[in-house]
Amino acid sequence: MPEILFHYERVNPSSWAYLSSFLMLALFFKFSRIWSVRNLDLLLLISLAPGLLLVHFSRIDPSAMSDPVGIEHLGFLWLFGSCALLLTRLLIDSAMVRRPLLEPNLNAAGLLFLSSALMFFLMANVVTGEPTEAGMRPARPANELREETTEGGQASTFATDGPGYWLVYLLPRISTQTVLEAGADEPADSAAAAGDDRRRRIREITSRLVSILSHSMIVLGVIAIGYYHFQNFVAGVAAATMYLMLPYTALWTGDPTHALPSALLVAAVLLYRRPVLAGMMIGLASGTSYYPVFLLPLWCSYYWDRGVKRFATGVLIMLGVLVASMAVTGTTWEVVQERFQAMFGLHVPKFADMEGVWSRWSPYYRYPILAAFVVLALSFVFWPVKKNLATLISCTGAVMVAAQFWHAHSGGLYVAWYLPLLLLTIYRPNLEDRDAVRMVSQGWTAKRKRPVVESRQAG
C-alpha cells in the first residue's frame, strides 16, 4: 500500500474498532427513535469488538501481556456472551411482524462510495499482507510436518483445524493487520526445496484469490438480495457497508475458512427461488466447512411443499463432486478415507488439546451443548410452521451462531459464518408472502403432467 498511497500505514485494530464503531453509530443509529430494535441490533454488533480484540492481541503479542492465556479466555467468554444474545435475537426474529422502514442517515450514493472505498482498502491489505508463521503451518510441505511430529511437535492439519474439505484448510492465513518485515528470499538449496517454495507461493496466491472472491461475493450478494428480494436497494447497500465496516472483517479478511462458507450461504439465499442452485450452494458450503450440513433440515422443510427434490438433488450433486475430487487427488485409499471422514466429521468429537474457551472448561460440557445444537437444527423441521424467506435467513444465521458454542477450534471467532445473514435479518422488510409455494416455480415433471391432466379433464 505505501507504493500506491504515499506514507500509508495500516490502522491499528484497536483504533479501527473505535473509529468504525463511532462511524456506524453516525450512519445507522436512529436518533429519532432511540428505543428501537434497530438501535439494539447495532449495539449488539458493536459488542463483538472487545472480545475479538482480546483474543487477537493475546495471540499476536503475548509477551506484552502479564497473562495472555487468561486474557484470551476472557475474550472467548465475552464472545460467547455476545453470541448468546445474537442467537436469541435471531430466534425471535420471526415473531417480529412489524418492520418499520428505518433507512440509514446517509443516502445510497454516499453508502456506495463508502463501501467501495472500504472494499478497496480491505482487499489491498489481503494483496499486500504476509502470512504469519501460524497461518503458514497448514500450507507447509508434508515432509516438514512429519519431521516436526517425529521430533515431538504437533502437526497442524485439517484434522486438527476442524472438519471440512482438506484443500481449504491447507490454504495459508494472510495477516491483514500485522505488518511483517519481508526478508530477502534465500536461495533454494536443492530442487526439492525450490519445489516446496513454489508450492507455498501457489497456496499463498490461491488463498488471496479465495479471500478476495469470497468477500466480493458476500458484498455483491447482500446488495443483490436487498435489490431483488427486499425491493430495497438502500437496505442491501447499508448491510454491505456495515459488513465491511465492522472490526471483525478487517481482522480476518485474509482467512478463507472464515469468508468462503459465508459467501456460499449468501449465494444460497440469493438463489432461493432456484432449488437446484440453492442446494448446490448449501452442498458446497457443507462440504468445505461441514457445519452448514446442519442447515439441511431447515432448508428441506422450507422447500417441502415445492422444490424439496430439486434442492436435495443440488446438494447431492455438489457433495458428489467434492468426494470425486478427493478420490482423484488422493494418492492411496487410506488418504482418501481419512479426507472423507474429516470432510463429513465422521469421528468422535475432539476432547484433547482444544483451543478457545474449551482450553479451560471441561471438554465433557461439549456433550450437552452438542446435543442441544442438534436438537435446535432438527427443530426447524417443525417450527416455525409456516416458513418464508425471513425465517430462512434468520434461522440459517441462528444455526451458524449456535455452531460457535461447540466448535473445538477457536469457537466464537468465526463471526463471518453468520454475520451477513444477521445483517440481512436486521434490514429485511416483512417477507411473509415469500414462501416456497408462491416463489418457487414448479419442476419440469409437474409441468409435463399438467397438460396430460388438463387433456383428460377436457375429454
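## E72 in helix α4

E72 sits in helix α4, in what is a predicted model. Its relative accessible area is 16%, so E72 counts as buried, the cut-off being under 20%. Leaving aside residues up to four places away in sequence, the contacts of E72 are V55, S58 and R59.

How many of the residues of α2 are buried? The count is 7 of 10 for this helix, which spans residues 37-46, so α2 is mostly covered. The buried set reads R38, N39, D41, L42, L44, L45 and I46.

What do those buried residues pack against? They meet α1 (13-28), α3 (48-60), α4 (68-91), α11 (233-245) and α20 (419-427).

## The α18 and α19 pair

Two packed helices are described by the angle between their axes and the distance between the axes. For α18 (residues 366-379) and α19 (residues 389-406), the axes come within 9 Å and cross at roughly 165 degrees. Angles over 145 degrees count as roughly antiparallel, and α18 and α19 therefore run roughly antiparallel to each other. The crossing of α18 past α19 is left-handed.

Which residues make the contact? On the α18 side they are R366, I369, L370, F373 and L376, while α19 brings V399, A402, A403, F405 and W406. By class, the contact residues split into 9 nonpolar, no polar and 1 charged. An α-helix has 3.6 residues a turn, so residues three or four places apart point the same way. That's a handy thing to keep in mind when reading the α18 list, with I369, F373 and L376 among its members.

## Cysteines

How many disulfides does the structure hold? The tally is 0. A disulfide is a covalent bond between the sulfur atoms of two cysteines. As for individual cysteines, C83 has 1% relative accessibility and so counts as buried. C300, at 23% relative accessibility, counts as partly exposed, because that value lies between the 20% and 50% cut-offs.

## The chain as a whole

Stepping back, the chain has 22 helices and 2 strands. It runs to 459 residues, and 53% of them count as buried. Then there's the contact pattern: taking contacts between residues at least 6 apart in sequence, 78% join residues at least 24 apart.

Methods:
Residues numbered from 1 in each chain as written. Predicted model: local features only at pLDDT ≥ 70, side-chain atom pairs only at ≥ 80, totals over all residues. Heavy atoms only, no water. Axes fitted to C-alpha atoms, helices over the stretch in contact; angles between N-to-C directions. Helix = DSSP H or I, 4+ residues; strand = E, 2+ residues; numbered from the N terminus. Parallel < 35°, antiparallel > 145°, perpendicular 65-115°, else oblique. Left-handed = near helix turned anticlockwise from the far one by under 90°. Contact = heavy atoms within 4.5 Å. Nonpolar A, V, L, I, M, F, W, Y, C, P; charged D, E, K, R; others polar. Disulfide = S-S within 2.5 Å. Buried < 20%, exposed > 50% of the residue type's maximum accessible area, 1.4 Å probe, protein only.
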